[in-house]
Structures are given as C-alpha cells and as structure tokens.
Amino acid sequence: MSYYAGKYDVAVIGAGHAGCEAALAAARLGMKTLMFSISLEAVANMPCNPHIGGSSKGHLVREIDCLGGEMGKNIDKSYIQLKMLNTSKGPAVYSLRAQADRKKYQAEMKHTLEKQENLFIKQAEIVNITLENNRVKSIETNIGAIYDVDAIIVATGTYLKGKIFIGENSFESGPDGVFPSNRLSECLKNLGVNLVRFKTGTPARINKKSIDFSKMEIQEGEKDIEAFSLEDEIDTNKEQLPCYLTYTNSKTHEIIRKNLHRSPLYGGEIKGTGPRYCPSIEDKVVRFADKERHQVFIEPMGENTDEMYVQGMSSSLPEDVQIAMYRTLPGLENAEFTRPAYAIEYDCIDPSDLKLSLEYKKIENLFFAGQTNGTSGYEEAASQGLIAGINAVQKIKEKKPIILSRSQAYIGVLIDDIVTKGTNEPYRMMTSRAEYRLLLRQDNADLRLTEIGHEVGLISDERYNRFIEKKKNVEKEIERIKKLTIKPTEDVNKFLEKYNSSRISAGVKMSDLLKRTELNYKALSEIDKERPCLTKAETQEVEIQVKYEGYIKMQEEQVEKFRKLEDKYLSENINYDDIKGLRIEARQKLNKIKPQSIGQASRISGVSPADVSVLLIYLEQLKRK
C-alpha cells in the first residue's frame with residue numbers, strides 16, 4: 001500500500017559525502033529539501049578510510065569550502081592529525097591531509113544536517129522514481145511513502161546493488177553491513193539509465209592492543225598549520241594522535257601468491273572494474289612483482305576507540321589468509337582483527353551521459369553525484385554533491401547552471417574529465433590531471449571561487465567582506481614591494497651573506513630579492529622595516545605570487561589561448577551526422593556527449609584536431625548565415 005507523503009523541492013537519495021553536500025546546498029539556497037539514507041547511522045560514514053584530503057584531494061576540500069560547502073568545516077572540528085603533504089615540491093602540489101575521528105566526523109555532520117533549516121532527513125530506501133513528460137515527478141520509499149519533487153539528486157555511493165566479497169564468501173550488502181539498494185538499481189535501468197559495474201575495497205581493522213609499535217616508524221602530525229576551512233580560526237596546536245609506518249616483505253608476498261586462487265578478484269567472481277590508483281595488496285604483489293616491499297600505514301580510527309586502520313592492505317582474500325599475511329608485517333605479528341578486509345562491487349552510471357551541470361541528459365531535473373558517477377574518494381564525491389545541489393536549485397529557479405572550467409578549479413577538471421571522457425574505472429583526482437595546476441593552488445582557492453560562492457548564495461556577506469579585505473591586502477603588498485628599492489648598504493649585504501645570497505652593488509627591488517630561492521618573505525622583514533602587518537595566509541599568498549610570477553603568467557597566457565575555444569559554444573540541438581567532413585567515430589562521440597563548447601569537444605576521446613577544424617568552420621558558416 002502506498003500513501004502520499006507531501007511535496008518537496010529537492011530530494012537527495014543517499015547521505016554519504018555527496019548527499020550531505022547536495023542536501024545542505026539545496027536547503028541553504030531556500031529549497032524545501034528531503035534527504036534519504038538507508039540507515040541514519042550511515043550518514044557521512046567513512047567506510048573506506050578515516051581521513052580527508054591528501055594529494056590533490058586537499059585542493060578539492062578547500063574548493064568545496066570556498067564555494068560554501070561543509071566538508072572542510074567538518075574535518076576541522078573532528079581531525080586527530082594534520083599534515084601538509086608535498087612540501088618538498090612546489091606550492092602547486094601542497095596538499096593538506098587530516099586524519100579523522102571517524103565517529104566524531106559522522107556525528108558532527110549528522111548534527112549539522114539535522115539543524116539545517118529547510119532540510120528534512122528520513123531513514124528509508126528509495127525504490128521508485130516516476131516521470132511526467134520526461135521530467136522527474138515523484139519518488140517512492142520501500143514502505144510506500146510517495147513524495148512529489150521538482151528535482152532529484154542520486155548520490156547512492158557504493159550501495160546500488162552492493163555485493164561484498166571476502167574470499168569464497170559473498171553476500172549482498174552495502175559498506176559496513178548496511179543494506180544495499182537493489183530496487184533503485186532496477187528502477188534506473190527501467191528509466192533507460194545505463195549502468196556499469198565497478199569495484200572498490202577496504203583493509204582490515206585491527207585492535208591497538210595487539211600491535212607492537214616499537215617495530216614501526218612513528219608518523220607525527222604537524223603543529224601550527226592552516227585549517228581546511230577559511231571560515232573560522234581553529235586550534236591547530238591541539239594534541240594530535242600519531243600514525244605508524246611498517247612494510248610488507250617476502251613472506252607476505254609469498255602467502256598472497258600461494259592463495260591467489262582463493263581471491264574472487266583473480267578467480268573471476270568479481271566482475272566490476274577496480275581503481276587503478278588504489279589497488280588491493282594482491283594486485284600490488286602481482287603487478288609490481290619486482291618490489292621487495294610495500295608501505296603500510298597504521299592509522300587511528302578515533303580518540304575513543306582502539307580500532308586501527310591498516311592503510312595499504314586492501315584485500316578480497318579469505319579472512320584466514322588475511323590474518324596470516326598481516327601477521328608477517330613487523331609489529332603485526334600478533335594482530336587481532338576487529339573487521340576483515342573486503343571488496344565491494346556496485347552499480348554506477350556512465351558519467352558521459354551527464355551534462356557538465358551533472359544533470360542526466362535524457363531526463364530533466366535528474367542529477368547524479370559522487371561514486372554513482374564512477375568516481376572514487378570522499379572528496380571527489382563531496383565536490384560533485386555540492387555542484388549537483390547548486391545546479392538542481394539553479395534549474396528549479398530557471399537560472400544558468402554553475403559550471404567551473406578546468407582553469408578555475410580542480411572540481412572543474414574532475415567534472416569535465418568524467419563527463420567529456422567518461423571513465424572505465426573508478427576515477428581518482430590527481431594533480432597531474434590539472435594542466436593549469438600552478439593556477440589551481442590550495443592557497444588561492446578563495447581568490448578563485450569565493451566570488452562564485454557568494455554570487456550563488458552560499459558564502460555570507462561577512463565572509464565575503466573578509467575575503468575582499470584579504471585580496472586588497474595581498475594586492476597592495478605586492479604593489480609595495482615591487483616599488484620598494486633596497487639600497488646596497490653594508491647592513492643589507494651582511495644580511496644577504498647570512499642567507500648565502502649574493503651581495504648587491506646597486507639598488508634592487510624588494511620583489512626581486514624575494515624571487516631569490518634562498519630568501520623568503522619572513523626573512524626579508526629584517527631589511528624591510530616599513531612592511532604592514534599581514535596574516536599568515538596573506539604573507540603566503542604574497543610570497544607565492546611574487547616568487548612564481550613568471551610561471552604564473554605563462555599559465556595565464558595558456559589559459560587565455562585555450563579560452564578562445566571554450567568560448568565557442570555548441571548548441572545541444574546539433575545533429576553531428578549533418579556536418580560534412582567529420583569522421584564517423586567523431587560523429588558518434590559528439591552526438592553522445594553533446595559538448596558545450598569547441599574546447600570540450602577537443603577533449604573527447606576520438607575527436608581529432610582535424611574534426612575540431614571542421615567544427616570551427618561549421619560555426620563560422622553559421623555565424624555568416
């Protein structure tokens with residue numbers, strides 16, 4: 001029996017990292033929003049790993065924050081260790097990483113959702129979506145509640161027909177023993193949505209009491225480094241929990257090789273494609289047979305638990321094999337499992353069926369976000385959730401969607417990649433995917449995106465005014481040091497010698513001194529008595545912009561060059577079969593993707609430079625007509 005349960009503006013199916021951002025964005029933008037989770041204990045769950053950020057992912061979290069999202073604020077409340085990665089390299093790849101108190105992260109996010117005005121949270125499985133004139137009309141729960149909605153965001157993570165594999169044992173389940181979503185998968189198929197099968201996995205959890213940390217390398221956090229969110233000041237000097245490093249060895253690898261026949265991954269039981277950049281330990285041993293050892297990090301799951309996460313030992317081998325191989329690692333000789341490692345297979349969509357707004361091309365007002373789109377990782381999911389939430393509201397309000405370009409944000413790179421190129425494996429964000437990464441630094445995310453977040457309505461006037469003040473201070477200071485001439489006095493040359501920097505015999509601009517590798521902004525205060533008082537973030541921005549000025553200008557010129565192609569728009573209504581000169585493969589791909597611009601068309605696999613030239617001639621002919 002079914003019953004009518006009411007009318008809402010936006011429904012979000014799923015309450016993982018994508019669903020949380022989507023629901024909060026929609027509700028904060030004034031929409032009456034309904035969010036569903038199969039279990040409310042799984043809201044903002046971290047079933048794979050207990051950390052946020054890391055290489056390139058830290059960029060995504062900062063961008064989410066600067067657009068008005070929640071992930072950065074939430075990890076700032078619940079972190080137990082902070083580290084800045086890649087500091088031995090250039091600032092383009094600096095990435096903040098936080099170890100999370102898993103339960104606290106969950107609890108804080110759930111409470112934020114519960115307190116949010118316009119947001120209503122329900123524990124239920126969605127089993128049906130109905131359409132009217134090819135536009136979403138309503139959703140139905142497993143107990144018969146029917147809700148009329150104007151827009152739907154599907155953010156089901158790995159729950160769609162989820163199936164767990166542990167050796168010879170397999171069973172239908174979502175992560176952490178939560179029920180899977182089977183009927184929604186069938187519903188989507190019936191609506192004509194193309195589904196593919198992907199796989200991911202997670203390592204075992206072990207009891208802290210059974211670990212001998214004296215045989216491992218300690219990995220401490222860092223004090224006094226910046227937070228993820230630019231919204232509030234946080235105490236970055238609080239006591240942090242250490243992580244530990246150990247390694248696999250020849251005994252570990254021998255056990256794995258002898259038992260590959262018992263792995264569902266190698267036995268053929270798992271049909272889904274796994275993530276290339278986060279392989280299981282059996283994959284590592286097979287694919288990198290020349291490696292004598294692999295790193296394994298032992299990480300705390302929280303402040304009030306003795307469960308430890310074994311990063312780097314994801315596996316689908318039977319539990320008895322897992323125990324044997326884990327116990328070959330230094331420090332884990334007596335390891336006691338609290339939860340075994342497992343692989344999970346699940347349904348997701350082909351993301352090339354989406355628009356850049358994350359709306360499904362063939363069904364109006366149906367949006368998809370997160371691992372449902374074939375991506376991996378909490379940060380990638382949250383990024384898409386935020387954009388899907390914003391664009392669902394924009395669609396309802398009949399406004400243009402928010403589409404970030406590849407030169408604006410890592411989020412833009414992520415969405416453009418999966419929509420334009422599709423993905424045949426779980427997609428992971430990496431700094432190498434961003435061709436303009438020197439412009440897309442973690443430190444300047446606010447300069448790139450706060451304006452957009454404020455315009456949309458997710459960044460408050462107070463925060464926006466603080467951002468404007470920071471921007472002015474940075475610009476003013478750069479202008480000042482470019483004008484300031486340092487004369488070659490004895491004191492100045494003594495200062496330079498102290499830093500092994502060459503003496504000067506004529507006046508030099510302060511900005512030119514700052515460009516010297518051995519000098520930094522802080523050190524130069526000794527010969528710059530008139531400098532203003534700036535915040536740590538402001539001084540960092542001044543230093544990076546001045547030191548890397550030449551490289552930044554080069555990338556800006558590249559962006560300008562390619563922007564000409566991005567600004568040449570293509571109509572969704574073009575039938576590429578009618579354009580003479582295009583190759584057959586290009587026609588097929590262009591008709592499927594329906595690129596928004598010549599720039600996007602040029603990035604489609606199968607569209608050659610010759611095809612791009614044909615499209616440019618076609619646009620020029622249209623213009624003349």
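Predicted model: local features only at pLDDT ≥ 70, side-chain atom pairs only at ≥ 80, totals over all residues.
K395 itself is partly exposed, at a relative accessible area of 25%.

K395 also forms a salt bridge with E364, this time with the closest N and O atoms 3.3 Å apart. Here too distant parts of the chain are linked, with K395 in helix α10 and E364 in the loop between β19 and β20, 31 residues apart. E364 is partly exposed, with a relative accessible area of 33%.

Strand β20 (residues 366-368) pairs with β9 in the parallel sense over 3 bridges, and I153 has F367 as its bridge partner in β20. Strand β9 (residues 145-154) is mostly covered, 8 of its 10 residues being buried. β9 also pairs with strand β1 (residues 3-13), in the parallel sense over 9 bridges, and with strand β8 (residues 135-141), in the antiparallel sense over 3 bridges. I146 in β9 is the bridge partner of Y4 and of E140. In the hairpin of β8 and β9, G144 takes a positive phi near 95 degrees.

Back to charged pairs: the whole structure holds 57 salt bridges. One of them joins K483 and E479 (3.2 Å, N to O); these residues are 4 apart in helix α13 (residues 461-483), so about one helical turn separates them. K483 is exposed at 58% relative accessibility, whereas E479 is partly exposed at 43%.

Methods:
Residues numbered from 1 in each chain as written. Heavy atoms only, no water. Buried < 20%, exposed > 50% of the residue type's maximum accessible area, 1.4 Å probe, protein only. Helix = DSSP H or I, 4+ residues; strand = E, 2+ residues; numbered from the N terminus. Pairing = 2+ DSSP bridges. Salt bridge = Lys/Arg side-chain N within 4 Å of Asp/Glu carboxyl O.
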